[in-house]
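Hi everyone, thanks for coming. I'd like to walk you through one structure today, starting with how a chain is divided up and then moving on to where the chains touch.

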Protein chains: 2
Amino acid sequence: MQNFVLYNPTKIIFGTDTVGEIGPETAALGRKILLVYGQGSIRRNGVYEQVLASLAAAGLEISEHGGVVSNPLLSHVRAGIELAKKKQVEAVVAVGGGSVIDSAKAIAAGALVEHDVWQFFKAKKSIRKTLPLTCVLTLAAAGSEMNGGMVLTNDETRHKFGVGNRLLCPRVSILDPTLTFTVPPDYTAYGAVDAIAHILEFYFTTRDPATPVQDRFMEGLVINIMASCEQVLANPSDYQGRADLMWAATLALNGWTAAGLGMVGFPMHMIEHSLSALYNIAHGAGLSIVMPAWMRRQARLRPGKFSQFGQRVFNLAGSEESCAMAGIKCLEEWFARVNSPTSLSQVGISAADIPVIAENALALARIWRLNGYGKEVIMDILARASA
Amino acid sequence: MQNFVLYNPTKIIFGTDTVGEIGPETAALGRKILLVYGQGSIRRNGVYEQVLASLAAAGLEISEHGGVVSNPLLSHVRAGIELAKKKQVEAVVAVGGGSVIDSAKAIAAGALVEHDVWQFFKAKKSIRKTLPLTCVLTLAAAGSEMNGGMVLTNDETRHKFGVGNRLLCPRVSILDPTLTFTVPPDYTAYGAVDAIAHILEFYFTTRDPATPVQDRFMEGLVINIMASCEQVLANPSDYQGRADLMWAATLALNGWTAAGLGMVGFPMHMIEHSLSALYNIAHGAGLSIVMPAWMRRQARLRPGKFSQFGQRVFNLAGSEESCAMAGIKCLEEWFARVNSPTSLSQVGISAADIPVIAENALALARIWRLNGYGKEVIMDILARASA
């Protein structure tokens, strides 16, 4: 285990009938608020009305900024920042999944500076303060509801960049599993894939010394994400399955598993960001394409860890190499079972595009300082993912 | 999973060479401080000097309240409160294990009220504010460094009571595994036993609905606590083993495993408190006596959960009943292997004392509202533990 500092001050309110807490919790942070949401699913399933009623009952002055798309866009965030400044809002409320929460975080940070918000993503400026943020989560996937990360796509340059800062942690996040009953099967699966990817990025990029406490925690999460995802695909209104999936997805990226791991990489996300930025495919779908390819490459470097994964997560036995490779195969088969794609061709991306994708990914690799990931490495991984 | 609210604002600074952070971290909270510590082990191993140097360098005005004993006493806390009031301290700094931190918490709460601090423990008064608390941990055991619980023994009535309140969470806790290199083998083992007990209280007293995410987390912690304890008993200066044990013990009782479990009991602690209150045995030693006895009784009520424990923690296979009972046996044998007692007779407590012990435990059972734990039940458990 390596030295670490852990401080996660997000208050989680988890369970049924908790949406009504958003008004009082937000009122403690500010009176003039900006309500950020997506494309209308919250209007269809009644969540919008519940949230608005709670905010209104708490006496809040509400400005609205709807229309966040998945793979959220810088241009839309910039408009939100303008509105937040004009209305002099004191707090931001996000109602949605990771795209909405990330947009709200960017607005919360961007509203307090004069420079363009993209400067944060290019690591040209540091975040020093933010408006307080509260969230009502509607999708088990990104983990943004309990961490200080955010990802945006620059619609001009087609770069999808991410940035992390403790100040971006929401003050309060409300996690009501019933709000995810209406998430369709494809996005339910993509959310599970995203959460698994968050865990495996950490799990497979740590180096010595070993982290046995964190390993068991991560392995347990992967097992539970797969099990609960299958449960809710079979029965979308299975409350316990939705609850397990929602909480496990939050835990996958709230800092608890990563504490003590030291420097970890995010190579799969780095490469996937280029797929969703260039082709606008779902982030989870891109990850299930990149993951097995990256894992097969990485397994040569860390065979012991991959073998441990196969043994503990899929109950495999045998030689180190066979457990390692069979574990990757099992995961890939699970992706296929939940209808998440496992090759570029399945989503209509041609192998001929690989150099262009790799070039795009390199821009992020440079900012994230993923040394060793030159264009050849990225192209090799994409080639493995193309068939 | 059941509804929950999770909010743990303790900042953890973990690793080597972190003790020097105590000065600056505390200075951000107050200038006049009370330094609480134990019986002198921190003077022998040099931690006292390190802490004092850091506090002095930060310009703090220090009052000292040493002499906390294990199974910490109300009388000593009362004296600390008196000193804190007289010196008008603005923050409390604890340097030690659970006993020291719990005493510091009681002082931090008691210094701001006019009534006697024991009123909190009798549930006659509620904690509404506390002085800010920072900690330097020197023992992997209680978990008090990252939770809102505290336990004291009333030296007049010989009642050992506990109370929990979010305001008791330390603001900052420094966990340097090297500080535990000098913990002797017996207390190293008792600490591991204590941490395992914290996990199993939760694990075996939850009811439906199931909590598969939390279960895997708890099983992984038990596996790692046993492994790392054996590692450091073999080599007391094994940094990685000390680090794993320290962090796992913190996680065992910081609210992460319990989130979503609903109402859980603390029956083993309740009964053990009477052993350490009446006979002043080490808390961990008392727990390894009570645990197998309580588990054998409880296994009849929750055979499936006990079987799961045996299978996942000790890799057992077979019928539900055989896995359940063999799992308890394996744990009991592990206690014996690390020289933690497993029967009352081993610590010189006669079976003839059982009615008196049960009477003492009942006083706490009433306050903690452990319904169903009448005197007969407690006597039955103690009788199972006596041979």
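With that, chain A is divided into domain 1, residues 11-179, and domain 2, residues 185-384.

A quick word on the model and its labels. This is a predicted model, where local features need pLDDT of at least 70 and side-chain atom pairs count only at pLDDT 80 or more, while totals for chains, interfaces and linings use all residues. Residues are numbered from 1 along each chain as its sequence is written, and chains are lettered from A and ligands numbered from 1 in the order in which they are written.

Back to our two domains. Taken over C-alpha atoms, the centres of domain 1 and domain 2 of chain A are 26 Å apart. How many residues of domain 1 of chain A are in contact with domain 2 of chain A? There are 21, and they meet 30 residues of domain 2 of chain A; contact here is when the C-beta atoms of two residues, placed from the backbone, lie within 7 Å.

Now for the chains. Here, 32 residues of chain A are in contact with 32 residues of chain B. On the chain A side, α8(A) gives the largest share, eight residues. Helices (H or I, at least four residues) and strands (E, at least two) are DSSP runs, numbered from the N terminus.

Finally, β2(A) and strand β1 (residues 4-6) of chain B pair in the antiparallel sense over three bridges; strands pair if DSSP finds at least two bridges between them. Within that β1(B), B:Leu6 is the bridge partner of A:Ile12.

Terms used: Domains from an automatic or database assignment.
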